[in-house]
Amino acid sequence: MENRCSFWLPKKKRFCANFRFNDSVFCGNHNTRSDAEWVPCPIDPSHTVLSENLEGHMKRCPLLKQAQSLSSQPFFQKGINGGKDDEDGGDEKGAMVPTLASLENTTSVMKRNAVYSMSVTEFSKLINKIQSIHSSICNDIRESHKVPEACDIWIKREVDRKLPFQEKHVVQQASILGNLEEIGILKNSSGNVVMEQCDSDESSGDHNGVPAVVEFGAGRGYLTQMLADCYGIKKVFLVERKSYKLKADRTLRQKESLILERLRIDIEDLNLKAVESLQGVPYLAIGKHLCGPATDLSLRCCLAAQSSQDDAVQGSGHYLRGLAIATCCHHLCQWRHYINKKYFINLGITKEEFHAITWFTSWAVDADHGSDLSDVAGCALHLQSIEKKECVDDVGGVAETVQNMEATERAVLGFMCKEIIDMGRLMWVKEQGLESQLVKYVPPTISPENHLLIARHANHL
């Protein structure tokens with residue numbers, strides 16, 4: 001027993017039975033090491049490896065073959081949709097290759113520490129600035145809770161019972177499709193689903209059909225499953241960087257008339273124009289709860305290439321008919337990825353203040369959402385009184401000030417920040433020539449992450 005690990009296992013009420021690691025009294029699993037010895041794997045930074053073992057790990061990393069296969073795909077272009085870190089807010093098409101430092105994300109801990117390092121006066125000024133911006137530009141976000149007739153087979157659970165059914169997700173998916181139907185991208189005529197196929201040349205302007213759908217951050221693909229069941233979509237591309245079990249792919253592939261292609265790739269690296277099977281095909285872009293910067297990456301993936309006349313609809317060989325993206329997890333947003341930096345710069349918001357705003361958004365989901373806290377208009381004056389109180393005493397710093405705020409008060413500020421971030425995205429999409437709206441597509445009692453960005457290319461509908 002002298003060569004056994006000395007780590008005590010309280011649940012098993014015995015010491016670990018593994019052998020000790022080198023000169024340590026613990027085994028390899030329980031030996032404590034300095035964090036400096038661990039480095040992110042260059043192939044997949046989601047896991048770490050000892051620096052001394054890095055060279056050997058690079059040869060046998062389980063994701064090595066996948067990375068090599070992906071890099072050989074014509075649609076893979078590293079960082080094409082990532083954006084850049086400069087703060088001039090200029091055109092990003094001619095962006096220089098980002099440096100290693102600019103590629104590092106600002107973590108939530110870093111954002112929190114930056115906020116706590118402010119003086120209370122600076123913190124209060126930032127809150128006042130947020131309120132002023134919100135009251136001036138966030139007045140047109142309307143509620144648009146839709147349950148289209150075409151989705152009745154899902155709402156009434158008349159679909160295959162083997163498919164997973166959670167009411168809150170079904171309601172969200174149905175409302176996304178209902179909003180697309182409302183703006184004329186999807187069609188449902190006299191209770192009968194009509195999804196007309198269009199020729200690739202789109203010579204006739206009489207059709208409003210959508211030949212293809214690209215779902216970003218598709219996960220298991222059940223938003224597309226409902227779309228295929230209810231609107232008869234014929235061609236589907238699911239973009240997702242992770243591998244999932246219990247995907248909708250199995251049932252989707254059973255549809256004889258449907259062509260399904262799953263692209264396992266990070267949206268940041270996807271050159272959509274290079275997807276061969278999408279060439280010459282108008283498409284609809286959708287996404288449900290695209291976390292943090294994934295929304296910005298998706299918008300850039302779909303629209304950045306269309307910002308020049310040379311790459312317009314006819315020249316690119318494919319074009320975007322419309323989009324519906326439900327945003328989510330704004331606290332993960334990064335300055336480098338954000339699609340409309342010029343919008344914040346023109347509002348007098350710095351990169352550091354932007355990251356503070358993204359950190360505040362996490363407060364929107366802290367409170368009990370039994371009531372509609374997302375309607376922040378009636379709560380603004382109450383929040384102002386808190387700010388005045390905060391400015392009186394600077395003794396405890398920002399950390400104590402935040403701790404003394406009520407959860408609902410923090411939630412109000414969080415919802416304001418979410419709306420400001422999404423309004424910037426809406427304005428950028430409008431600048432690309434699309435008719436766009438930002439709506440609340442479900443009540444906050446179903447999901448506090450209830451913003452939906454919808455848009456359509458008016459010239460091609």
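## Helix H16

Start with helix H16, residues 407-431: at 1.5 Å a residue its 25 residues should span 36 Å, and the end C-alpha atoms sit 37 Å apart, which agrees. That expected span is 1.5 Å times one less than the number of residues. Helices here are DSSP runs of H or I with at least four residues, strands are E runs of at least two, and both are numbered from the N terminus. Of the 25 residues in H16, 20 are buried, so the rest of the structure largely encloses this helix. Buried means under 20% relative accessible area, exposed means over 50%, and partly exposed is in between (1.4 Å probe, protein chains only). Just after H16, Gly 433 adopts a positive phi of about 95°.

## What kind of model this is

This is a predicted model, where local features need pLDDT of at least 70 and side-chain atom pairs count only at pLDDT 80 or more, while totals for chains, interfaces and linings use all residues. Residues are numbered from 1 along each chain as its sequence is written, and side-chain values use heavy atoms, with hydrogens and water left out.

pLDDT is the predictor's confidence in each residue, from 0 to 100. The protein chain has a mean of 82, and 80% of its residues reach 70 or more. Over residues 93-101 the value stays under 50, and the model gives that stretch five contacts beyond four places in sequence. Residues 308-317 are also below 50, with 14 contacts beyond near neighbours in sequence. A contact means heavy atoms within 4.5 Å. Where pLDDT is low, the predicted coordinates should not be read in detail.

## Overall build

The protein chain has 16 helices and 14 strands. Of its 461 residues, 48% count as buried. Take the contacts between residues at least 6 apart in sequence: 71% of them join residues at least 24 apart.

Leaving out residues up to four places away in sequence, Phe 360 touches Val 115, Phe 123, Leu 126, Ile 130, Leu 413, Gly 414 and Cys 417.

## Salt bridges

A salt bridge here is a side-chain nitrogen of Lys or Arg within 4 Å of a carboxyl oxygen of Asp or Glu. By this rule there are 13. One of them joins Asp 296 and Arg 425 at 3.0 Å, N to O. Asp 296 is in helix H10 (residues 294-303) and Arg 425 in H16, 129 residues apart. Both Asp 296 and Arg 425 are buried.

Another pairs Arg 142 with Glu 182 at 3.4 Å. Arg 142 lies in strand E5 (residues 142-143) and Glu 182 in helix H7 (residues 167-182), so the bridge ties together parts 40 residues apart in sequence. Arg 142 is partly exposed at 32% relative accessible area, and Glu 182 is partly exposed at 40%. Lys 146 is linked with Arg 142 and Glu 182 in a network of salt bridges. Arg 241 and Asp 266 form a further bridge, at 3.2 Å; Arg 241 is exposed at 51%, while Asp 266 is partly exposed at 22%.

## Cysteines

How many disulfides are there? The count is zero, taking a disulfide as a pair of cysteine sulfur atoms within 2.5 Å. Cys 328 is in none, and the nearest cysteine sulfur, in Cys 329, is 3.1 Å away. Cys 328 is buried, with a relative accessible area of 7%. For Cys 333 the closest cysteine sulfur is again in Cys 329, at 9.0 Å, too far for a bond. Cys 333 is buried at 1%.
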